[in-house]
Amino acid sequence: MKPAQESYSPSHPGLFSVDFRPGEYTSALIAVKDFDEGEIMAYLEGLTKAPKAYTSVQCGPNDDDHIELNSDLVYVNHSCQPNVAFDMSSPDETKWHARALEPIRSGEALTFFYPSTEWDMDQPFDCRCGAPSCLKRIQGAAHLTKEQLLARKFVSPWILASVAERGNSSTSTDIGSTKAPATRNCSTCGFGFAARGDDRSRCGCKPT
Ligand SMILES: C[S@@+](CC[C@H](N)C(=O)[O-])C[C@H]1O[C@@H](n2cnc3c(N)ncnc32)[C@H](O)[C@@H]1O
């Protein structure tokens, strides 16, 4: 569910505001203050379990792990070069949050990389983000290579685990191909590391 323009009252006053634009799916969420890189912008509160939809966000590895945000955050558009992460990797749901991936200035549109949470999206679309690294068609992580995912600053652990499970593909067209097994796996999310050394920064899990 999205807040409607007619009865709009910001869910996060002083943090962000919806820029309602004419046309379908063209509105956006805009920062109304500056945020530092790495700053937690808002905890994800008031979430409800929901079926997969264009407004839902995947919060775990299973088909039914989807939530509705029930706030203005639903207006955060996708970008292939995002400035926000939706981080739901903690087993403690009260720690789920939106975090600035880079310094964000007041007036900037907030964007996140939808395949960082979504494996196979309900409603794919042609991306208009305009980033040099734009992937053009956004359908979910299942349609991307590991390299395309790791090029982004944040990807959820269940996405990386699914990528490791489907095989170490170098292109999205050879999904399912057999490659050399990972040297070892992250003990938290199962992501397969190809090289030795503590590489947990690559899967997003914190070393314990
Ligand atoms: C949850 S809505 C985000 C808010 C949306 N812009 C709106 O006005 O309702 C997700 C939908 O917005 C559109 N969208 C988000 N990011 C986009 C992008 N980079 N390029 C094209 N459409 C995008 C797609 O139609 C997508 O299914």
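Numbering starts from 1 along each chain as its sequence is written. In this predicted model, local features need pLDDT of at least 70 and side-chain atom pairs count only at pLDDT 80 or more, while totals for chains, interfaces and linings use all residues.

**Exercise 1. Which residues touch the most other members of the largest nonpolar core?**

Start with the terms. A nonpolar core is a set of buried Ala, Val, Leu, Ile, Met, Phe, Trp, Tyr and Cys residues joined through C-beta atoms within 7 Å. Buried means 20 or more other C-beta atoms within 10 Å of the residue's own, with C-beta atoms placed from the backbone. The core holds 28 residues, and Leu29, Val76, Val84, Phe86, Ala98, Leu110 and Phe112 touch the most other members. Next, the elements: strands 1 (16-19), 2 (28-31) and 8 (84-87) each give two or more residues. Strands are DSSP runs (E, at least two residues), numbered from the N terminus. Strand 8 gives the largest share, three residues.

**Exercise 2. Which residues are closest to the ligand?**

Count C-beta atoms, placed from the backbone, within 6 Å of the ligand. The shell has 16 residues; Tyr25, Ser27, Asn77, His78 and Arg128 are the closest. Now sort the shell: seven nonpolar, seven polar and two charged.

**Exercise 3. In what order do the three strands of the open sheet lie?**

Pairing requires at least two DSSP bridges between two strands. The order is 4-6-5, with antiparallel pairing. Strand 4 (48-49) and strand 5 (56-58) are at the edges; each has a single partner strand, so one side of each lacks a neighbour in the sheet. Two bridges join strand 4 to strand 6 (residues 66-68). Threonine 48 has glutamate 68 of strand 6 as its bridge partner.

How values were computed: A residue is buried if 20 or more other C-beta atoms lie within 10 Å of its own, exposed if 12 or fewer, and partly exposed in between; C-beta atoms are placed from the backbone. Helices (H or I, at least four residues) and strands (E, at least two) are DSSP runs, numbered from the N terminus. A residue is near a molecule or strand if its C-beta atom, placed from the backbone, lies within 6 Å of it. Ala, Val, Leu, Ile, Met, Phe, Trp, Tyr, Cys and Pro count as nonpolar, Asp, Glu, Lys and Arg as charged, and the others, Gly among them, as polar.
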